[in-house]
Amino acid sequence: MLAMAEVAAILLSGFCAAVIAIWGIISQRSIARRRATLDHIVRSQGDGDLIGARQTFISLAKEPGGLAIWAEADREKSRETQSIALVLNEFELLAIGMQRGIIDFELYRRFNRSGVIHYWNHAAPFVHALRARVDNQMIYHEFEELKRWMEDSAPPKRNHWIGRWF
């Protein structure tokens with residue numbers, strides 16, 4: 001029969017092994033999230049379609065009337081509106097990725113905080129006009145939240161209880 005000291009040593013060894021395994025999983029998940037973020041940034045910096053859409057977005061935003069006129073129904077299928085949507089959808093995807101723990105908030109915030117805020121400020125009139133036209137306040141809601149997170153430097157609330165550690 002095992003002595004109490006031996007049982008305690010076995011339990012302590014098992015506990016230590018479990019802690020080390022959990023720590024390893026958390027570390028690998030964190031590294032994978034940062035790697036996914038860097039991959040996304042590199043991909044977006046080299047994506048010709050996205051670069052062209054950003055250029056169109058910025059040039060339209062600087063015109064009198066800004067982007068809001070492109071939210072009208074008769075312009076819905078235009079190349080310009082499609083470019084605006086491509087840029088906005090990119091930010092929507094980022095926000096969702098951050099909420100799900102796929103994209104690292106802090107790394108992306110350090111890379112593009114002012115860019116997110118700048119793009120939202122130009123996009124807001126378009127988004128509000130589009131929401132009013134189609135009567136759906138959830139359109140580009142995630143991008144709007146992303147801008148708020150960037151302003152507050154507060155990461156998004158994760159969608160699952162264990163998300164704070166992973």
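This is a predicted model: local features need pLDDT of at least 70, side-chain atom pairs count only at pLDDT 80 or more; totals for chains, interfaces and linings use all residues.
Is E106 buried, exposed or partly exposed?

1. Residues are numbered from 1 along each chain as its sequence is written, and side-chain values use heavy atoms, with hydrogens and water left out.

2. Helix 2, residues 48-61, packs with helix 3, residues 79-99, at an angle of about 110 degrees, and their axes lie 8 Å apart. Here helices are DSSP runs (H or I, at least four residues) numbered from the N terminus, and axes are lines fitted to C-alpha atoms over the stretch in contact, with angles running from 0 to 180 degrees between N-to-C directions. The two are therefore roughly perpendicular, a term for angles of 65 to 115 degrees. The crossing of helix 2 and helix 3 is left-handed, which is to say that the near helix is turned anticlockwise from the far one by less than a right angle.

3. On the helix 2 side, the residues that meet helix 3 are D49, L50, A53, R54, T56, F57 and L60, and their partners in helix 3 are R79, E80, S83, I84, L86, V87, L88 and E90; contact is taken as heavy atoms within 4.5 Å. Sorted by class, this contact has 8 nonpolar, 2 polar and 5 charged residues, where Ala, Val, Leu, Ile, Met, Phe, Trp, Tyr, Cys and Pro count as nonpolar, Asp, Glu, Lys and Arg as charged, and the others, Gly among them, as polar.

4. The axes of helix 3 and helix 4 come within 11 Å and cross at roughly 140 degrees, which makes helix 3 oblique to helix 4. The contact is made by T81, I84, V87, L88, F91, L94 and M98 of helix 3 together with F105, Y108, N112, V116, Y119, A123, F126 and V127 of helix 4. By class it has 13 nonpolar, 2 polar and no charged residues.

5. Helix 3 also passes helix 5 in a left-handed crossing, where the axes come within 8 Å and cross at roughly 65 degrees. L88, F91, E92, L94, A95, I96, M98 and Q99 in helix 3 meet H141, E142, F143, L146, W149 and M150 in helix 5, and this contact has 10 nonpolar, 2 polar and 2 charged residues.

6. To return to the opening question, E106 counts as partly exposed, at 35% relative accessibility, given that buried means under 20% relative accessible area, exposed over 50%, and partly exposed in between (1.4 Å probe, protein chains only). E106 is found in helix 4, residues 105-134, and its side chain makes a polar contact of 2.6 Å with the side chain of R109. A polar contact is a pair of N or O atoms within 3.5 Å; within protein, one must be able to donate a hydrogen and the other to accept it, and residues adjacent in sequence count only if both atoms are side-chain atoms.

7. Two residues deserve a check of their backbone angles. Most residues other than glycine have a negative phi. D135, in the loop between helix 4 and helix 5, has a positive phi near 55 degrees and is exposed, at 69%. S153, in the segment after helix 5, has a positive phi of about 55 degrees although it is not a glycine, and S153 is partly exposed, at 36%.

How values were computed:
Angles under 35 degrees count as roughly parallel, over 145 as roughly antiparallel, 65 to 115 as roughly perpendicular and the rest as oblique.
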